[in-house]
Structure formats: C-alpha cells, structure tokens
Amino acid sequence: MEKHKRHSLLAKVLTPAVAGLALLSLAACGASSSAGGAGDAAGGSEGKTSIKVVVAPIQFETAYVAKENGYFDEAGLSVEIVPGADPSANLAQTVSGQADITTASWGVMTTATAKGMPVKVISGNGVVDPNVDNSGILIPKNSSINTVADLKGKNVAVVGVNTGGDIPMLQAAAAAGIDPKSITEIAVPYAGMQAALEQGTVDAAFAADTYYHQLVDAGFKSIASPVREFQGNMPVTVWAATDAWLKSNPGTAKKFNDAMTKAAKFYTDPANVKAVVDITARIKQVDAAKVNPKAYVPVNTSINLATGQAGIDAMKELGFVTKPLTAEAMLWADAPRFTK
C-alpha cells in the first residue's frame, strides 16, 4: 500500500499515541522545571523525595505493588502514581516537566533517542515471555483472514503507529512474504480494540497483555503471536526520565530502582498472584474473577542489552529509525543491565 494512503487514513484517526509523538518534539524544546528541578528541600543534592510517576494502561501493577507494600516509603520516597496513556504520550509528560518518571516502551525510547530527545531508560519493567502468548494478532470468528499473509491490504488496529510496538507484526508480515507497508495501521487504544473489531472499523487487532486475553476469551481468534516469536526476552515497558532530571536527581532514581526491584520480586512470586490480580481488578475497575493471571508478563528491572539491541536493529531494518542509539547508549549510567 502506498505510504500516502496510510497517512491519509491515520489523519482521520488521530489518537493520543500519534499526538504523543508530536508532543515529544514540542516538549523537548521547552521543558518546564515543575517536575525536573534540582530537588526539593528534603531531597538535597541527591534529588527529590516527592515525585510523580506515570503508569501505562498495561504492566502497571509493579508501581502499585511498590507503593502499597511500602517499598517507596522504605526508600525514602513519597510517590504519586498518575494513570497515563500510550508510551509516547507518557514520555511527553516527563519531557514537558509534568512528571518525574514514566512508563515508556523500548520502541518509543528507541524512536525518541534516535531523534535526539534528552531521555534515558532508568530501569526495566515488563519483559516478553518467550514461552507464553501474552499478545497476538486477533480477528473476528467470521473473518476471511486465516494467516498473516492475508493481512495484505487490510486495516489492523495497533496501540501506536510507528512507535515500535507494531514492529513484531511487521516482522511477521515480512516473514509471511508480504510487504509490511501493505498493511494499513490504525491507532486504537487497547480498550477500544474490541469495539473496533465488532464494528468492522478494522479487520484485525494487535492486542497485548490483559486486553489480548480478554479478546481471546470473548471469542476472537489469534492468527499469530509475533511478539513471542520475534522478541522473546526483550524489554517491553521500561521506566524513563529526562537527562536533566537524572542529572539533578540521581539519588531519587536509585531509590526508585531499589523500590521497583523489591516490587518485581513480589510480583514474580507465585504466592502473591492474588494480591497482584486484586491490584489489576481495582485499577481497571473490573471483577477480579475476570482477570486472567496468565496475562501477566515477566518483570525484570535489569535491561537485557542483547535482546534490546535486537529490537533496535529490527526497527532500523524496517525503516522506523535511521540512526538509532545503541541499547547501551539508551540507558542511564546507573541503570541495571545484564548482557546474557
């Protein structure tokens, strides 16, 4: 499909994901100091003690675990958790100074840093499970689509267009022998994908996390799981902040990472599944019985540099970025990382 056709369609479906990318450029030019200042009175030179943290609609549980289990308090931090939107819009909040730390995605951070945005990954969060399907390309029961190759010329809902989250689907398209550009991507929030499928606004949807499992439970069929197939063990959601904020608040970032490491350990312990499910149900305002524990992805605050670099390389190969930073260069100096 011609590029101009994709752009004309997207212009009609402008969502926070697309707007967020534009906001990043604007915010980088005039960031405020409301959240990124040189530290509050109690924080001293090591940084602030009261911070705002933006979470995404998915993989937010660890932040609430850290707050409700007192891990932030133990680290000496007072944290306000702010519900956010897609990764681009969330990152824009930190760049503009509206928040201190945010949930971003590895793909969005790749795109942002390649464009010169002054941001860094400070630690990891959700990781792609190489053995379990927690995302996939879904179609209605009566669809004529049976394989990824059948997506040629079709409209597919994605949470963010050209933000990196759609990379696995495009990799799957190339592997299936079709031009990735022949797929028209329509930006739709995860929460709106079922309605888009039911109303015929899109032919398929690339859903993730609990939203993926909800669609499967509702009878929609998954034709492929490209995230697991192409990005096993890769960072998905990460915690990020601006360079200026990290320079002024290195101690705060370290304390945040300490708390999140404890939260990740709690989240990963099978004995705490009910507690995590209760958080998901409360924040999403759904019955806990409807939360599928299988929807939870692995969590690790350490960034896997090898799989992270593979994701960056895929984005470059597909033309999302031309001169991206390396995985190592995207990280804050004190970000936890491992290479195996």
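**Strands, sheets and helices**

Analyst: In this predicted model, strand E3 (residues 101–105) and strand E10 (residues 237–242) run antiparallel and are joined by four bridges.

User: Which residue stands opposite Ser105 in E10?

Analyst: Strands of a sheet pair through backbone hydrogen bonds, either parallel or antiparallel. E3 and E10 belong to the antiparallel kind. Within E10, the residue opposite Ser105 is Thr237.

User: What is the order of the strands in the open sheet that holds E3 and E10?

Analyst: This open sheet has five strands, and its pairing is mixed. Neighbouring strands are turned against each other by 35° on average, direction ignored. The order is E2-E1-E3-E10-E4.

User: Why is one side of E2 and of E4 left without a neighbour in the sheet?

Analyst: Strand E2 (78–83) and strand E4 (119–124) stand at the edges of the sheet. One side of each is left without a neighbour there, because each has a single partner strand.

User: At about what angle to E3 does helix H5 run?

Analyst: Helix H5 (residues 87–95) lies across strand E1 (50–55), E3, E4 and E10. Its direction relative to E3 is given by an angle of about 150°.

User: Which residue of E7 does Asn155 stand opposite?

Analyst: Strand E6 (residues 155–158) and E7 run parallel, with four bridges joining them. Asn155 stands opposite a residue of E7, namely Thr184.

User: What percentage of the residues in the protein is buried?

Analyst: The protein has 15 helices and twelve strands, and it contains 340 residues. A residue counts as buried if its relative accessible area is under 20%. By that cut-off, the buried share is 53%.

User: Of the contacts with a separation of 6 or more, what percentage joins residues 24 or more positions apart?

Analyst: The count takes in contacts in the protein with a separation of 6 or more. Residues 24 or more positions apart account for 81%.

Note on methods. Residues are numbered from 1 along each chain as its sequence is written. This is a predicted model: local features need pLDDT of at least 70, side-chain atom pairs count only at pLDDT 80 or more; totals for chains, interfaces and linings use all residues. Side-chain values use heavy atoms; hydrogens and water are left out. Two strands pair if DSSP finds at least two bridges between them. Helices (H or I, at least four residues) and strands (E, at least two) are DSSP runs, numbered from the N terminus. Buried means under 20% relative accessible area, exposed over 50%, partly exposed in between (1.4 Å probe, protein chains only). Contact means heavy atoms within 4.5 Å. Axes are lines fitted to C-alpha atoms, for helices over the stretch in contact, and angles run from 0 to 180 degrees between N-to-C directions.
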